[in-house]
Amino acid sequence: MSFPLPEPTPLSQPYWDSLKQGRLTFQRCRKCNNAWLPPRAECPECLAAEWDWTAASGKGRVVSWVIYHHAYHEAFKERLPYNVALVELDEGPRLITNIVNPEMGIAAERPVILKIEDEHGVALARFALI
Amino acid sequence: MRGKYVIAGIGHTKFGRLPGRGTVSLNVEACRNALADAGIEKSVVDALFVKVPTSRYSSMYGQTLSEAMAMQPKVGGVWDQGGATNISMISFACMAIDAGQCDVAIVSLADDPKTGTRQAYEKAWGDDAAYGWFSVAAGYGLTMQRHMAEYGTKPEQFGEIAVAVRNHGATNPHAALRVPLTLDKYMESPFIIEPLKRDDICLVSDGAAAVVVMSETRARELGVKAPVRILGFGQGQTSYDVPLRPVLTETMAKVSAQTAFKMAGLAPKDIDVAQIYDCYTIAVMMTLEDYGFCRKGEGGHWVEGGRVAVGGELPINTSGGLLSETGMPGLQLVMEGVRQMRGTSVNQVKGAETCVVSNQGGIMTTHSTLILGH
């Protein structure tokens with residue numbers, strides 16, 4: 001059974017490489033200081049093409065979440081029910097993720113901390129409620 | 001432009017499972033029926049606005065359909081805003097006619113996700129699939145959860161919407177799902193993607209619909225029997241994908257409605273009946289708030305007590321909407337708005353003189369608004 005692993009592009013490769021090394025990164029614009037994810041070639045605010053990969057603190061908060069009771073991919077059938085959450089980093093960018101300790105009670109605005117986990121050989125940016 | 005243009009005819013196919021037809025054939029049938037309803041010949045039509053079929057993309061689909069109807073329209077092609085496309089195309093048709101670019105326009109939509117592919121609705125969202133992030137429904141679930149967390153909206157309040165719309169559809173002979181719903185049954189409905197229950201989610205249907213747009217003057221010249229006036233329209237594109245949306249519980253539906261109400265010279269309190277895009281109950285809740293029928297966050301309380309059912313203050317989706325009539329993205333709501341203004345709905349709201357219709361696409365990513373009236 002195939003697992004739907006990320007398919008890095010030249011643009012997103014550094015993001016996945018950093019996670020493998022234990023760091024969550026996001027893009028920060030050199031012109032206007034805007035910070036964003038997911039990876040894109042230009043700053044969506046000022047449209048500049050000059051930016052840097054920046055390490056995140058790993059701290060954030062839950063914006064919202066869902067619990068899947070139906071698997072849209074074979075690989076997730078045995079994980080049902082599983083959660084997918086939207087986390088906003090303290091630095092601003094948001095990402096889709098999983099909460100690793102949902103038994104603590106997922107709730108909006110609850111603080112979370114980065115917990116990088118291996119998934120079929122790829123490092124994913126998951127989060128733990130604190 | 002208020003009241004200067006009309007919907008002169010409406011037409012549709014059967015709704016549900018229509019194997020072996022394909023979208024071109026479905027579109028042609030809907031156009032044929034819309035022309036017959038308007039009582040006009042195909043030869044007077046010189047514009048063809050087509051929604052790109054969601055279930056299967058093909059290049060220059062508008063021209064494929066023109067050829068299938070032996071037409072060479074002055075203005076013709078596809079537009080893609082998902083479900084918001086229909087009302088947007090009706091407004092573009094009015095503007096094109098007003099600018100002298102064409103005279104009589106057909107706006108048409110067909111899709112066959114039931115017998116074709118549902119890929120558009122069940123897809124993974126890029127690399128986030130590794131986290132199990134799949135489907136359009138999940139985006140609505142994320143929005144619904146946030147609405148509940150931020151405003152204390154209760155499952156039963158979403159149930160009020162589902163019950164009203166499903167019960168309207170139950171009396172519509174054209175509806176694909178004619179099974180009435182109670183609040184108890186809604187609450188027992190299983191979670192698909194929590195907090196979304198099965199009964200919060202619209203149907204997946206094959207089918208087509210079309211409407212004919214022209215000026216009121218032209219309609220009189222052509223002897224159109226039951227033209228319905230277009231009083232206002234507007235659009236607003238939220239565009240951001242749900243995870244990136246600054247505020248999850250607000251969309252550009254607000255701007256779309258403000259534009260349409262301003263053009264019509266009306267306010268929400270002047271609306272007698274509404275057809276609100278109900279792909280998911282949360283979409284209805286947020287649209288009612290964004291349109292100004294109640295304040296942001298108060299939608300849950302506002303829909304209680306049958307307010308949105310026929311007999312209530314603002315009956316919505318009187319033919320069953322996407323939850324019950326057909327999962328088709330949006331044009332069925334426009335057609336029901338036309339029937340309400342003609343006085344021919346199966347759930348006719350007595351004395352209704354104004355109807356607002358909302359269309360939206362993606363996960364509340366696009367939006368358009370139409371106001372019909374006497």
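The largest nonpolar core has 155 residues, a nonpolar core being a set of buried Ala, Val, Leu, Ile, Met, Phe, Trp, Tyr and Cys residues joined through C-beta atoms within 7 Å. Here a residue is buried if 20 or more other C-beta atoms lie within 10 Å of its own, exposed if 12 or fewer, and partly exposed in between, with C-beta atoms placed from the backbone. The residues with the most contacts inside this core are Ala93(B), Ala105(B), Val211(B), Val212(B) and Val213(B). In soluble globular proteins, nonpolar side chains tend to be buried together.

A word on ground rules: this is a predicted model, where local features need pLDDT of at least 70 and side-chain atom pairs count only at pLDDT 80 or more, while totals for chains, interfaces and linings use all residues. Residues are numbered from 1 along each chain as its sequence is written, and chains are lettered from A and ligands numbered from 1 in the order in which they are written.

Leaving aside neighbours within four places in sequence, Val213(B) is in contact with Tyr5(B), Ile7(B), Ala8(B), Ile90(B), Ala93(B), Cys94(B), Ala105(B) and Val107(B); contact means that the C-beta atoms of two residues, placed from the backbone, lie within 7 Å.

Now for the strands of chain B. Helices (H or I, at least four residues) and strands (E, at least two) are DSSP runs, numbered from the N terminus, and two strands pair if DSSP finds at least two bridges between them. Strand β1 (residues 5–12) of chain B is joined to β8(B) by three bridges, and the two run antiparallel. As for cover, eight of the eight residues of β1(B) are buried.

Follow β8(B) onward and you reach strand β11 (residues 366–373) of chain B, paired with β8(B) in the antiparallel sense over six bridges. Gly232(B) has its bridge partner, Ile371(B), in β11(B). Seven of the eight residues of β8 (residues 228–235) of chain B are buried, so this strand is largely enclosed by the rest of the structure.

Chain B has a well-covered helix to look at too: 14 of the 16 residues of α5(B) are buried. The expected span of a helix is 1.5 Å times one less than its number of residues, and for α5 (residues 136–151) of chain B that should be 22 Å; the end C-alpha atoms are 23 Å apart, which agrees. Just after α5(B), Gly152(B) takes a positive phi of about 70 degrees.

Over to chain A, which has one helix and eight strands. From the N terminus on, the elements run α-β-β-β-β-β-β-β-β. The radius of gyration of chain A is 15 Å, close to the 14 Å that the globule rule gives for 130 residues, so chain A is as compact as a globular protein of that length. That radius is taken over C-alpha atoms, and the rule is 2.2 Å times the number of residues to the power 0.38. Of the 130 residues, 31% count as buried.

Within chain A, an open sheet of three strands has the order β2-β1-β3, with antiparallel pairing. The edges are β2 (35–36) and β3 (51–55), each pairing on one side only. Five bridges join β1 (residues 25–29) of chain A to β3(A), and Cys29(A) is partnered there by Trp51(A).

Further along, Ile113(A) lies in strand β7 (residues 111–119) of chain A. Buried or exposed? With 12 C-beta neighbours inside 10 Å, Ile113(A) counts as exposed. Setting aside neighbours within four places in sequence, Ile113(A) is in contact with Gly58(A), Lys59(A), Phe127(A), Ala128(A) and Ile130(A).

Finally, the place where the chains meet: 28 residues of chain A are in contact with 26 residues of chain B. On the chain A side, β4 (59–68), β5 (82–89), β6 (94–97) and β8 (122–129) each supply at least two residues, with the largest share, six residues, coming from β4(A). By class, that side has 18 nonpolar, six polar and four charged residues (Ala, Val, Leu, Ile, Met, Phe, Trp, Tyr, Cys and Pro count as nonpolar, Asp, Glu, Lys and Arg as charged, and the others, Gly among them, as polar). Two bridges also join β4(A) to strand β5 (residues 191–194) of chain B, running antiparallel, and Tyr68(A) has Ile193(B) as its bridge partner.
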